[in-house]
Amino acid sequence: MFRQLREDIAIVKEKDPAARSSLEILLTYSGLKAVRSYRRAHWFYQHKWFTIARIISQRARHKTGIEIHPGAQIGKGLFIDHGMGVVIGETTVIGDNCLLYQGVTLGGTGKDKGKRHPTLGDNVMVGAGAKVLGPINIGNNVKVAANAVVLKDIPDNCTAVGVPARIARMAGQKVQQQDLDQIHIPDLTMEDITMLKSAVTCLRTEMSKLEKQEQTEETEE
């Protein structure tokens, strides 16, 4: 138990530059408290003490603002930064060393039974306010931009941007954990606008050439 606690604190220190001391992290970090409560609840859930598991998870929700269903499967090294408004559904699977920001939802899309929540690979970052919905697969080293809404599978080493989210590869390179900020991401909408502007400029140039050609022909006649 103490080894796990030391590892959790070390993860916070690694990923949050605002973390000053182990005592501060232990006493004040809601994400750490939520994950620790989840582990207790998950133990009861696995042993089919479902009501006790839900009581633990709901108490943690009231204390931290983070709701993690005890049935979710979460790997090692999960860090929930700030965390208010985070929701993790029952059949969610989260790999190792993932990072979630405030307002993230890993949710379902209806009342279907069975697997209805997303699966996240290793080293995944989900930005503030992002929604990942349905039984979809998010690959390893994926970065989901803030406020994105992901409804389809995302392959490894990609960035998902927009509503609904689209894929923007990071020059084909693996996205390293230390590079997973929420600022330096491609703006796909602006790229589309730039392409449209370029196409309009080309059309105007062609139209101008045709008008000049027509005027020349009329003059010759």
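Which residue of E11 stands opposite Leu120? Select Leu120 and look across to E11, where the residue opposite is Ile138.

Before going further, note that this is a predicted model, in which local features need pLDDT of at least 70 and side-chain atom pairs count only at pLDDT 80 or more, whereas totals for chains, interfaces and linings use all residues. Residues are numbered from 1 along each chain as its sequence is written, and side-chain values use heavy atoms, with hydrogens and water left out.

**The whole chain**

Stay with the cartoon for a moment: the protein has five helices and 15 strands, where helices (H or I, at least four residues) and strands (E, at least two) are DSSP runs numbered from the N terminus. Of the 221 residues, 41% are buried, buried meaning under 20% relative accessible area, exposed over 50%, and partly exposed in between (1.4 Å probe, protein chains only). If you take the contacts (heavy atoms within 4.5 Å) between residues at least 6 apart in sequence, 33% of them join residues at least 24 apart.

**The sheets**

Zoom in on E10 (residues 131–133), which is joined to E13 by two bridges, the two strands running parallel, and find Val132 standing opposite Val150 of E13.

For a further parallel pair, select E12 (residues 143–144) and E14, which two bridges join; Lys143 stands opposite Thr159 in E14. Then show the side chains of E14 (residues 158–161), a strand covered on both faces, with Cys158 and Ala160 buried on one side and Thr159 and Val161 buried on the other.

**Helix H3 and what surrounds it**

Select residues 30–46, which are helix H3: its 17 residues reach 24 Å from first C-alpha to last, close to the 24 Å expected at 1.5 Å a residue, the expected span being 1.5 Å times one less than the number of residues. Colour its buried residues, among them Leu32, Val35, Tyr38, His42 and Tyr45, and then display the elements that the buried residues of H3 pack against, which are H1, H2 (22–28), H4 (50–64), E1, E2 (73–74) and E3 (79–80). Just after H3, Lys48 takes a positive phi of about 65°.

Select Lys15, which lies in H1 (residues 2–15). What is the nearest side chain of opposite charge to this buried lysine? That of Glu14, which is 6.0 Å away, and Lys15 has no salt bridge; the criterion is a side-chain nitrogen of Lys or Arg within 4 Å of a carboxyl oxygen of Asp or Glu. Look instead at the backbone oxygen of Cys98, which lies 3.5 Å from a polar atom of the Lys15 side chain.

Move on to Leu23 in helix H2, which counts as exposed because its relative accessibility is 56%. The C-alpha atoms of Leu23 and Ile9 are separated by 9.2 Å, the two residues being 14 apart along the chain.

**Backbone details in the loops**

Most residues other than glycine have a negative phi, and most peptide bonds are trans. With that in mind, select His82, in the loop between E3 and E4 (87–88), whose phi is near 65° and which counts as exposed at 57% relative accessibility. Then go to the loop between E11 and E12 and select Asn141, where phi is near 60°; Asn141 is buried, with a relative accessible area of 8%.

The last stop is the cis peptide bond that joins Val163 and Pro164, with omega at about -15°; Pro164 lies in the loop between E14 and E15 (166–169).

Key: Lys and Arg count as positive and Asp and Glu as negative; His and the chain ends are not counted. A polar contact is a pair of N or O atoms within 3.5 Å; within protein, one must be able to donate a hydrogen and the other to accept it, and residues adjacent in sequence count only if both atoms are side-chain atoms. Two strands pair if DSSP finds at least two bridges between them.
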